[in-house]
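Please open the structure shown below in your viewer and keep the sequence panel beside it, so that each selection can be followed in turn.

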Amino acid sequence: MASVAGSCLVLGDNVDTDVIIPARYLVSIDREELAGHALEPLGPQVQARLRQSPIVVGGSNFGCGSAREQATTCLLGAGVKAVVAKSFSRVFYRNSINTGLLAVTSPEAAGAARDGSLVEVDSASGVVTVDGAAFSFIPYPPELAKIVEAGGLIPYVAAQLREEASA
Amino acid sequence: MSQTFAQKALARASGVSGIKPGQIVDAFPDVYMSHTASWRCIKTLESLGTEQLYDRDRIAMVMDHISPANTAKTAADQRLCREFAQRMEIKNFFDVDSGIAHVVLMEGGLIKPGQLIIGTDSHSTIYGALGAFGTGVGYSEITAAWVTGKLWMRVPESLRLKIDGSFLPGTYAKDLMLYLIGKLGADGATYQSVEFHGDLVRSLSISERMTLTNLAMEMGCKNAFVPPDNKTRDYLAAAGLGEGDYEELQPDADAVYERTVELDLSTLSPQIAVPHTVENVVPISEVTGTKVDQVFIGSCANAKLDDLLIAADILKGHKVAPGVRLIVTPASRMIMAQAGHEGALTTLLEAGAMVTNPGCGACAGNGGAMADGEVTLSTANRNFRGRMGSYNASIYLSSPATAAASAVAGVITDPRELAR
C-alpha cells in the first residue's frame, strides 16, 4: 500500500457519485460487478480507459453527492489503486480510507496530470510524482493510515476482534 | 469556552474535552441509521463473523429508498433486514410503508438535540434541524459501529452563516438554500460544520429548518446545525420528548469560526438549480418558459406537510398541463395522513397529480425515470446526470411552490405569476 504507480485517467471538477456509480446498480456490493458500471454515464470509451488506469485524477470536489460506499469500491473493482484530486468531497474521502483506496489531495499534481501520464503515489512519505515531477501532499495521520494499510475498516476491525479474542 | 457546536457535540460523543478542529477522536454515536443500505451492513457483519452488537437500541433501520420492493432481489434484501431486525431484537425497524428515514426518525422522537447521529445517507446533515450532529457515512462504518460502538471523527472547522431579513411572497427556505449553494459553491463548505444563525433562520419552522440542514450537504459540509429554541422544543414535545429527555448544545458566543457569511435575503426571488450540478443556480427569470415533461414534489428536502400544503394551495382550481406528469411523494406516512386530513391529497389528485406511497421515490431513481431529452423540475436536492433515468435527460431543482406552478403551466413558472 505504501507505493502505487501507473498511468492515469483524468476527469474534471465535481465528478459526482451518480456518474461514478449510478444508483440503479447499488443493488450489488460485489466490486467486480460494480466495476462494469463504473463511470457508465461517461460512455464506454472512458470506461475502457478506466480499466487501463490504476490512477484516477480528478479536479475539485471529487466524489460529491451520495454516501454510497460503492463509489469507491467500484473503482477498486476496476483496478484503481489511488485517486489524486484537487479536492475531495468529505464522504468520498472517508469511504476511500474505509475501503482501502488511496485518496491524495494535491491540486498541483492534479493540475499537472494529462490523460495517460505516469503517476506514482508514495503514501508513507507523502510524495506524488507526475511524469517525473514530484509534488508533496499531507500523508494520512497514523490513526487513519493503519486503516488504509489494513485494506479498509472492515478488515481492520476484523483484525482487532481477532486480537481481542486471543488476548 | 470558545467552542463551536461541532466541538461541543464531538467532545460529548468522544468524552474528550477541549478538542480542536483537525483533531481526530473516537466518537460514540447515539444513533446508527441505515436505510435501504441496511442489507449491505448485515452482509458486512456476516463477513466480520460476529453478532455481538455494541448497543442494538442505537440501531435504526428504515426501508425507504426502494419502497415497496421493485424486484425479487430487492425483496430478498428487505426480507433479510426484516428477519435480522426480528432475530436481533432491533426495535427501531421501519418497514417500506414508513417513509424517508430522516423524517421518520425525527417525527418519531429518535433524534435529540446534542446527539451524534451517523447514517448511510449523505443528507444525514438534516438532523441539525433539531440541534443534533448528523453526518453521512458508508455502510462499512455503520457495520463497524454496530460492533464497536464508535467511529473516527475529525473535528471540523465551522462556517457561521448569519441570515437575516424575511421572505418575499413566493420565496421559501428552498430558494434560500439554492441561492446559498450557488453563491458558496458545491464545495463551499467541504468538511465544515455549518451553523445557521440570524433572524430569518429563527423565524423558520422545524420543517423549513430541515430544508436548510438537508441542502447544506450540497455545499459539501460534514454536518449542519440550527440552534435549538422553543420551536425545537415544541416539535420534540409533539414527538413525545420532554425537555428532561435531552440536553441542548449551543455554540459559545466567542466561538472561533473559520469563516462567517452574513446575508440579508429580503429581496430574494425564487431560485432554480439548472443541470447538472446543484451549484448551477439562477434566478427563476433566467429559465422561465423552459418546457417540463415531469414535475416531482418529493424527497427529504421538500415533501413535508408544509410543502404539500403549499403545492396544493397553488394547484387548487387548476389542472396539471396536458402531457405533464406530476408525481407527489409525501416524505412519511404520518405526513401523508396529515395531508389527507387537511384535504391536500384530494386537491392534488383533482388537479391531476399522481400521489404515491411515502418514501424516497423518484429522487432515488425508484419510479419517475425520464427518457432521452426529457426534463424534470424537482423539489429534491440533486440534479446530477442520470439520477432519474436517461443519462441524456435534465433535472432542474426548485421549491414546491415553483414546482406546482410549473406543473400547471407546463413550463418553468414563477409561482407569483400564477397566483396573479
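**Before selecting anything**

This is a predicted model, in which local features need pLDDT of at least 70 and side-chain atom pairs count only at pLDDT 80 or more, while totals for chains, interfaces and linings use all residues. Residues are numbered from 1 along each chain as its sequence is written, and chains are lettered from A, with ligands numbered from 1, in the order in which they are written.

**Stop 1: where chain B touches chain A**

Select the contact between the two chains, to which chain B gives 38 residues and chain A gives 34 residues; two residues are in contact if their C-beta atoms, placed from the backbone, lie within 7 Å. On the side of chain B that touches chain A, helix H2 (38–48), helix H3 (72–87) and helix H5 (139–148) of chain B each supply at least two residues, and H5(B) gives the most, with 7 residues. Helices here are DSSP runs of H or I with at least four residues, and strands are runs of E with at least two, numbered from the N terminus. By class, this side of chain B has 12 nonpolar, 16 polar and 10 charged residues, where Ala, Val, Leu, Ile, Met, Phe, Trp, Tyr, Cys and Pro count as nonpolar, Asp, Glu, Lys and Arg as charged, and the others, Gly among them, as polar.

**Stop 2: a helix pair across the chains**

Now select helix H8 (residues 153–166) of chain A together with H2(B): they pack at an angle of about 40°, with their axes 10 Å apart. Axes are lines fitted to C-alpha atoms, for helices over the stretch in contact, and angles run from 0 to 180 degrees between N-to-C directions. Which residues meet here? Ile154(A), Val157(A), Ala158(A) and Leu161(A) in H8(A) meet Thr44(B), Ser47(B) and Leu48(B) in H2(B). The residues of this contact divide into 5 nonpolar, 2 polar and no charged.

**Stop 3: the two domains of chain B**

Colour chain B by its domains, domain 1 (5–263) and domain 2 (273–419), whose bounds come from an automatic or database domain assignment. Their C-alpha centres lie 25 Å apart, and the contact takes 33 residues from domain 1 of chain B and 30 residues from domain 2 of chain B. On the domain 1 side, helix H4 (101–107), helix H6 (173–184) and helix H8 (206–215) of chain B each supply at least two residues, and the largest share, 6 residues, comes from H6(B).

**Stop 4: the open sheet of chain B**

Next, show the 5 strands of chain B that form an open sheet in the order S4-S3-S2-S5-S6, with parallel pairing; two strands pair if DSSP finds at least two bridges between them. Strand S4 (93–94) and strand S6 (133–136) of chain B stand at the edges, each with a single partner strand, so one side of each is left without a neighbour in the sheet. Strand S5 (residues 116–119) of chain B is joined to S6(B) by 4 bridges, and the bridge partner of Ile118(B) in S6(B) is Thr135(B). H5(B) packs on the sheet, where it touches strand S2 (31–34), strand S3 (59–62) and S5 of chain B, and its direction makes about 140° with that of S2(B).
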